[in-house]
Amino acid sequence: MRRRPGSLIPIELAILEAASARREPFHGFELAKALADADGARGLTAHGTLYKALARLAEQKLLEAEWEDPEIALRDGRPRRRLYRLTGAGAARASAERTRAQRAGTAGRYPAAGIA
Amino acid sequence: MTATRLVLRWVDAYTRGLPGDARAARRAELASDVWEQRAASGDGLGAQLALTSRCVRGIPSDLGWRHAQRAGRRRASRGSVARRLGWAVAGMAYAALTMMHGFNATVLVGLDLYGDDWDPAGLAWNARVSATLLTLLVVGAVLMRRLPRAGASLVALGALATPIAFPWGAIVYGPIAFAVTLAAVARAQRLRRAQRETTRG
């Protein structure tokens, strides 16, 4: 089924919620850990699910992504991270979705159905 | 085969044939994710199974993402053809307008069709200025792909100088020059963004 333009699925809402709780930019694995910690029963989000959702949120300008300075990765002896940060539009959307969820009586959680 | 190799091979497989920047970005992002997970959980059997599970559960989304990338590229390609056609038509119209001055100077004056009311030296000046401005536009347009800012500056200079050089035609040249300048600036920004993305990826 084709999604309505601008609509968000549960994993995207959960990412926005997790991102709005962070001040610093975050990378994919860090986010997967945060999502798993927020919902103890679930394992780490699948790669495909996670990065497809991140790409879609970045496309909608709710998140912005930039590659880490290669010097930092080199110094730490690991691959470069792609860092994501919530945009102003993303923060506003997260807040609106939180209000909507509170009104619907599902405050602070998004249905896990559909999150691989 | 270790779980890490499985994940990286799978990324190689489903990004094959995609544009270089999208492929490189996805591979680099997954390489980073796998490294982070190994650093956090180690290489034990449980960790390997968790990594494999993340990879396998994500396969439908990976394929969906690949499909979206290819569809997006096809749409962009169609848009690019339309944009190029638009540029070609606008360029030809502009060239036709500026060449009219050259035509005036070389042919009509040569045939003495203007009579004594027209100054051949003035028309020759028009032709030289037209040729200079046209050269600026063409060189700027060609240069823009490699040096977007410099190319856009030349195009803007060539376009904006036209209504100044030929004030009697400002009503025609003015809006065209303004539109050409805006289009050149927008194109330069797009190209610079694409260049930055490629460098980062």
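At what angle do helix H1 (residues 3-15) of chain B and H2(B) pack, and how far apart are their axes? The first view takes that up, after a word on the model. This is a predicted model, in which local features need pLDDT of at least 70 and side-chain atom pairs count only at pLDDT 80 or more, while totals for chains, interfaces and linings use all residues. Residues are numbered from 1 along each chain as its sequence is written, with chains lettered from A and ligands numbered from 1 in the order in which they are written.

**View 1. H1(B) against H2(B).** The two helices pack at about 165 degrees, axes 10 Å apart (axes are lines fitted to C-alpha atoms, for helices over the stretch in contact, and angles run from 0 to 180 degrees between N-to-C directions). That makes the pair roughly antiparallel, a label for angles over 145 degrees. On the H1(B) side, the contact uses B:Thr4, B:Val7, B:Leu8, B:Val11, B:Asp12 and B:Thr15; H2(B) brings residues including B:Arg23, B:Arg26, B:Arg27 and B:Leu30. Here, contact means C-beta atoms, placed from the backbone, within 7 Å. By class, that's six nonpolar, two polar and five charged residues (Ala, Val, Leu, Ile, Met, Phe, Trp, Tyr, Cys and Pro count as nonpolar, Asp, Glu, Lys and Arg as charged, and the others, Gly among them, as polar).

**View 2. H1(A) against H2(A).** These axes also lie 10 Å apart, but the angle is about 100 degrees. H1(A) and H2(A) are therefore roughly perpendicular, the label for 65 to 115 degrees. A:Ala14, A:Ile15 and A:Ala18 of H1(A) meet A:Leu31, A:Ala34, A:Leu35 and A:Ala38 of H2(A). No polar or charged residues here: the contact has seven nonpolar ones.

**View 3. The largest nonpolar core.** Of its 25 residues, A:Ile15, A:Ala19, A:Leu31, A:Leu50, A:Leu54 and A:Leu63 touch the most other members. A nonpolar core is a set of buried Ala, Val, Leu, Ile, Met, Phe, Trp, Tyr and Cys residues joined through C-beta atoms within 7 Å, where buried means 20 or more other C-beta atoms within 10 Å of a residue's own. H1(A) gives the largest share, seven residues. Leaving aside neighbours within four places in sequence, A:Leu63 contacts A:Ala19, A:Leu54 and A:Tyr84, among others.

**View 4. Where chain B meets chain A.** The contact takes 24 residues from chain B and 20 residues from chain A. On the chain B side, H2(B) gives the most, with 10 residues. That side divides into 10 nonpolar, six polar and eight charged residues.

How values were computed. Contact = placed C-beta atoms within 7 Å. Helix = DSSP H or I, 4+ residues; strand = E, 2+ residues; numbered from the N terminus. Buried ≥ 20, exposed ≤ 12 C-beta atoms within 10 Å, placed from the backbone. Parallel < 35°, antiparallel > 145°, perpendicular 65-115°, else oblique.
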